[in-house]
Amino acid sequence: MNAVIALCTFCEMHGPKVIFTTQTYKSFENHNSDKLKFYGPKEVLRQAQDLCTEMQSNCEGCHSLGNLKYLSNEHETRTSFLSAQQSLMHDIGTHLKHACIRSLSCEVHPGKEGVCYFGDESRGHVLSHTFSLKDAQARGLRRWCSFIVFMRDKQFLLNMWPFLVDNLKEIIRELQEFAEKKYNAEEAECPQRVVRMATVNSGPALQSNSNKQPRGLSEITNEKHVFVRIHMWFVWILSAGARHFVEILPLSLLDEEVSFNLEHHLETEEGFTLVNAKAPINLSVDNRMPDFIEISNLNPMSILRNLRKSLGRDQFRQILYAALIGIQILVRGPPLQTLESLYGLCSLVPRACRRVRTRANEYLDSNVCNFISVDTSVAVPLPCADVCRLDILPLEHRTDDTRSHVIRWTGVLPLKLPTLLIKLEKSLDNEKLVDSVLEVHFSTLQEEWANIAKVVHAMHGRGHRGNLTNLMLSLGAGPQDKKLLDAWSMGLPSNPA
């Protein structure tokens with residue numbers, strides 16, 4: 001798993017500091033079956049000497065390993081897990097320092113302790129879990145710390161959110177238990193609150209107390225080998241994450257010939273591996289569905305643009321909204337025209353969310369299908385909020401002042417429309433985007449929002465039934481997108497955990 005996990009602390013003398021990092025290094029020389037002491041670049045170990053000067057300025061509160069390092073190897077996969085006080089990669093170290101400051105200052109959970117996400121494409125993406133340890137000698141009798149997980153791939157990081165959070169919470173729980181035992185023993189011997197209240201008006205005593213050096217993590221937890229424990233926890237998370245979670249490109253957008261042969265990989269300066277970095281990737285979008293074989297040569301984007309022209313902006317927005325949030329779409333009219341319109345509207349949602357019935361002999365409930373087309377002779381429900389009906393008038397029934405396409409729906413659009421709907425409308429307005437380019441763009445947006453739905457669905461599947469607004473905001477979604485995400489989650493497994 002291409003990630004770096006770090007432990008940060010807020011030192012009372014030096015502010016936010018990274019005090020422990022663990023990173024994965026992997027060898028791709030499959031022809032060499034010999035067991036090695038280290039499977040990463042040898043230059044990594046040599047760079048440790050450059051960090052000595054910087055670490056000399058650390059106090060006991062932000063000191064952990066010094067020049068010492070912990071190394072664990074997984075010989076079967078030719079992988080090394082190396083822990084040090086700071087990252088041995090200069091660029092990664094810089095990003096971790098920046099993430100550490102944000103993790104313990106501005107990017108905090110509303111209750112101070114909790115999980116949040118922040119990051120961007122240039123500085124990487126970070127999952128941060130802030131927590132506190134009881135410390136009888138610290139300000140406020142608490143020492144603030146955080147675990148940060150740094151990755152380059154935002155979507156992969158957020159998809160791993162439940163796995164990472166569950167395991168980080170176990171580490172935090174154990175550290176807090178160690179710290180509380182130490183705190184209780186010290187309080188029983190000499191209650192700090194009483195001492196501080198007694199010396200609050202004593203200048204020299206207060207000055208003496210303020211000169212105390214912050215204590216290290218080993219002393220706070222009374223655990224001599226606490227960093228060995230943290231190293232083993234981090235190694236397990238990175239190893240298990242690599243076994244159970246695989247970084248892939250969205251296959252629905254890729255040609256079936258794409259190969260993930262590790263012979264085509266590129267090592268970056270940060271120590272990450274780019275698979276397929278040198279192999280050409282051809283994008284091809286395949287929207288063919290069994291019900292639409294006879295018109296599968298048509299571009300659904302050209303159908304949508306023609307439909308928008310026939311309906312007008314307001315009515316097209318209604319059917320667009322209904323399709324995205326899972327309201328049943330009923331198209332009634334001449335067979336070929338209903339088939340084409342339904343084909344274009346189906347392309348708006350992921351394949352797993354499409355339950356299509358074309359040229360049905362009778363109306364079917366929304367529990368059976370969410371996209372249905374019928375002939376004008378078939379009886380259909382009266383206009384309601386649960387069914388958005390598109391009536392296409394036959395050519396012989398049209399007059400000069402009669403519209404060919406009419407939307408019949410009693411629902412009301414929300415004041416704030418879903419983010420995806422706004423993006424789709426802007427794309428359709430852009431005349432510079434030809435239909436073939438627009439089709440790829442639509443598929444990319446669809447893949448992005450399907451992944452967001454998967455993350456939220458996974459959190460629900462792991463028992464997180466509370467308010468997920470903060471998670472949705474970190475993914476780029478807002479409260480106005482909840483109905484869309486709920487609808488798209490219906491096509492996912494019932495228990496993603």
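Ser296 is partly exposed, with a relative accessible area of 22%; the class partly exposed lies between buried, which is under 20% relative accessible area, and exposed, which is over 50% (1.4 Å probe, protein chains only). Ser296 sits in the loop that runs between strand β9 (273-275) and helix α10. Helices (H or I, at least four residues) and strands (E, at least two) are DSSP runs, numbered from the N terminus. The C-alpha atom of Ser296 is separated by 9.4 Å from that of Glu340, although the two residues are 44 residues apart along the chain.

The model is predicted: local features need pLDDT of at least 70, side-chain atom pairs count only at pLDDT 80 or more, and totals for chains, interfaces and linings use all residues. Residues are numbered from 1 along each chain as its sequence is written, and side-chain values use heavy atoms, with hydrogens and water left out.

Glu340 belongs to a helix pair. In that pair, Pro300, Ile303, Leu304 and Leu307 of α10 meet Glu340, Ser341, Tyr343, Gly344 and Leu345 of α12, where a contact means heavy atoms within 4.5 Å. The axes of α10 (residues 300-311) and α12 (residues 335-346) come within 8 Å and cross at roughly 110°. Helix α10 is therefore roughly perpendicular to α12. Axes are lines fitted to C-alpha atoms, for helices over the stretch in contact, and angles run from 0 to 180 degrees between N-to-C directions. Angles under 35 degrees count as roughly parallel, over 145 as roughly antiparallel, 65 to 115 as roughly perpendicular and the rest as oblique.

Ile92, Gly93, His95, Leu96, Ala99, Cys100, Arg102 and Ser103 are the buried residues of α3. They pack against five elements: β1 (4-11), β2 (15-26), β5 (114-120), β6 (124-134) and β7 (142-151).

One of these strands, β5, contains Asp120. Asp120 is partly exposed, with a relative accessible area of 29%. From C-alpha to C-alpha, Asp120 and Arg152 are 8.9 Å apart in space, and they are 32 residues apart in sequence.

Ser404 lies in the loop between β13 (387-392) and β14 (405-408). With 16% relative accessibility, Ser404 counts as buried. Leaving aside residues up to four places away in sequence, Ser404 touches Ser310, Asp391, Ile392, Leu393 and Arg398. The C-alpha atoms of Ser404 and Pro394 are separated by 7.8 Å, and the residues are ten residues apart along the chain.

Two residues stand out by their backbone angles. Most residues other than glycine have a negative phi. Asn222 is not a glycine, yet has a positive phi of about 60°. Asn222 lies in the loop between α8 (217-221) and α9 (226-244), and at 55% relative accessibility Asn222 counts as exposed. Arg359, also a residue other than glycine, has a positive phi near 55°. Arg359 is found in strand β11 (residues 356-360) and is partly exposed, with a relative accessible area of 40%.

The whole chain comes to 16 helices and 14 strands. Of its 497 residues, 48% count as buried. Among the contacts with a separation of 6 or more, 70% are between residues 24 or more positions apart. The accessible surface is about 25400 Å², and 52% of that belongs to carbon and sulfur atoms; accessible areas come from the Shrake-Rupley method with a 1.4 Å probe, and for residues only the protein chains shown count as cover.

The average pLDDT is 81, and 80% of the residues score at least 70; pLDDT is the predictor's confidence in each residue, from 0 to 100. Over residues 205-210 pLDDT stays under 50, and the model has three contacts beyond four places in sequence for them. Residues 249-262 also have a pLDDT below 50, and this stretch has 26 contacts in the model beyond near neighbours in sequence.
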